[in-house]
Amino acid sequence: METLSLLLDGFSVALSPTNIMMALWGALIGTLVGMLPGLGPTSTIAILLPVTTVLGPTEGIIMLAGIYYGSMYGGSTTAILLNIPGEVSAVPTSLDGYPLAKQGRGGPALGIAAIGSFVAGTMGVIGLVFFAPLLADQALKFGSPEYFALMFLALTVIVNLAGASLIKGLIMGLFGYLLSMTGIGLTGGQVRFSFGIEPLEAGIDIISVVIGLFAISEVIKGMEENTKSIAVGKITNIYPKFKEIRENSGAMFRGGLVGFFLGLLPGCSAAVTTFLAYDLEKKVSKNPERFGHGEMKGVAAPEAANNATSSSGFIPLLALGIPSSTTLAVLLAGFMLNGLTPGPTLFEEHSEFVWAVIASMFVGNVMLLVLNLPLIGLWAKLTKIPYGIMGPVILILSFVGAYSINNSLFDVFVAIIFGVIGYFLQKYRWPVVPLLLAFVLGPMFEKSFIQSMAMSKGSFAIFFTRPISLTILLLALVLFVVSIVMMKRTKSRVKDAVGSDVEITE
Amino acid sequence: MLADRVGGLISIIFGGLSLYEALRLYPTSLSFYVGDHIMPGVIGIGLIVLGLLAVFVKGQSFKVEYPDRQMMLKIAGIFGVLLGYCVLLYYLGFAIATFLISIALFRIIGSYNYRKSVLFSAIQTVCVYAIFVYWLNMPFPGGIFNF
């Protein structure tokens, strides 16, 4: 009952005119970046992070969260209409969505995708309402050794999402950690890794690194690949018949459950859950031969899984401070920029903020459904914007975003340097996701390790003699093995679907 | 692959730097495991070990393709323009610097003629100025013209 009461309080904040506007902006921007080539949710959130300091934490995070789940809606449009899945997680949607579009049923497929996304997104947020406070409550019992085990779990599993080479992934993770240590040390207050360069004494800001690695290098990549604007044909009726919605409701529900529960695991990205949801739907179907040739359930299930995963990812983020995807890692940086540390204490110390953000996700999901279905034609027109215009706009916004962090040209310089580095890292297939995740989690990892060592007077036994810590470490081991198996399986499914190896590092 | 080996060597260099920092910080630490030196030490060892593995273990083989000379010049031009933005922002202020830099970016990325580039750049500058300076009140340098 207390949870519901807090949620109602959250609604009273989320339904203020300003916060409704923020959720609306977030949902619209998210849908747009989900559709447009060259600008994903990660870079968009990174560019807009400094804006949150002006807007205020509640308003800012509501907008950024809207961008995150809005982009999940947007990604399905190009996958269905053009067979261009912007993210690996949209590949299963295109397997049946595009054949449906070729049969002249692209409109209803988009409608089913939007409804499935809404149903599963809402399921995910309901799960978030009940699971996150429960988990946070348990996590209040955690001491430093448990936190260290938790960070170890997050780092172990997420680094596994490195791509083709584990060695390269681990090196990038350690490099990210090294970058995060620049500046004042956490325990002794000593300046580290500044090498006499004064601006480095304040540390390297993660937002500059993200803008460089994701936004600037992405523009260069888009320019090099001569990214064309997308011409989408005229979309007729987008409203599916009631019978179609009823027939696909089971697929939406199953996809939502797969996406939600697997999305709770750190490192289990939407790329994994969408393929699993698609395969499950094929297995339970009475007509599995229809899959791949225009089966509506093949659109409903992965789209539902995609959105449920995006919602359930907020549970470990809010309750434990563990981001389960790159975009959530940047969002975590956004929390920190506003002086909020996700984790169990967030629910106690900033209860109004947390519940307002959660309530806004209900509001945002409704907005996405109500606004996006009639606006699909308009979104399709916006994808015609040439890359020659998109590129300069992204670069100027990146520059402004990097400058606004501390009103310092040094941060801009760092972003440009990481833009260059990111370009070469992409060329030589060095994954940047582990760098980012280790950068975000590094300071928490170090703090909990040093506190544990101080508590135990230097004995490592502290991690193995406390039941919760030991359980989490064992879980990390199990998840490490399971995620290796799941990633191998997903890679092979992606290869079957698109005909070549694709790096799955979402 | 040669590139992976080079990456491994860079990792070893960074690992060495990290170890150097750990040794420099060690005298100020409370104990062997408690202090600002411990993680630089661990990371340093990790980078060196993994760097050695990258140098000696045979990795995935693939072909890296670079674009033609003209495109490479364009890419270098973009980074040059962005660095130039830092300088212009300081001397000319946000509005003028954004306008001039946008013209260059529209020319390089979109290959638009000067007329179109100036038009797009003016629209972009007005929009960015309205959002970040007028609406969000973000402080940017005014430059010598204080604009």
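Start by selecting A:Ala270, A:Ala271, A:Val272, A:Thr273, A:Thr274, A:Phe275, A:Leu276, A:Ala277, A:Tyr278, A:Glu281 and A:Lys282: these are the buried residues of α11(A) (buried means 20 or more other C-beta atoms within 10 Å of the residue's own, with C-beta atoms placed from the backbone). You're in a predicted model, where local features need pLDDT of at least 70, side-chain atom pairs count only at pLDDT 80 or more, and totals for chains, interfaces and linings use all residues. Residues are numbered from 1 along each chain as its sequence is written, while chains are lettered from A and ligands numbered from 1 in the order in which they are written.

Now show all of α11(A), residues 270-284 (helices are DSSP runs of H or I, at least four residues, numbered from the N terminus). Because 11 of its 15 residues are buried, α11(A) is largely enclosed by the rest of the structure.

Next, pick α5 (91-102) and α12 (297-312) of chain A; their axes come within 8 Å and cross at roughly 145° (axes are lines fitted to C-alpha atoms over the stretch in contact, with angles from 0 to 180 degrees between N-to-C directions). On the α5(A) side, click through A:Pro92, A:Thr93, A:Leu95, A:Asp96, A:Gly97 and A:Leu100, which meet A:Gly298, A:Val299, A:Pro302 and A:Glu303 of α12(A) (contact means C-beta atoms, placed from the backbone, within 7 Å).

Then colour the two chains separately: the contact takes 56 residues from chain B and 49 from chain A. On the chain B side, go to α2(B), which gives the largest share, 10 residues.

Last stop: residues 6-141 of chain B, which an unreviewed UniProt entry labels "domain: DUF1468". That stretch is 75% helix and 0% strand, with its end C-alpha atoms 41 Å apart (strands are DSSP runs of E, at least two residues).

Note on methods:
UniProt positions renumbered as here; feature names shortened; annotations may be inferred. Expected span 1.5 Å × (residues − 1). Buried ≥ 20, exposed ≤ 12 C-beta atoms within 10 Å, placed from the backbone.
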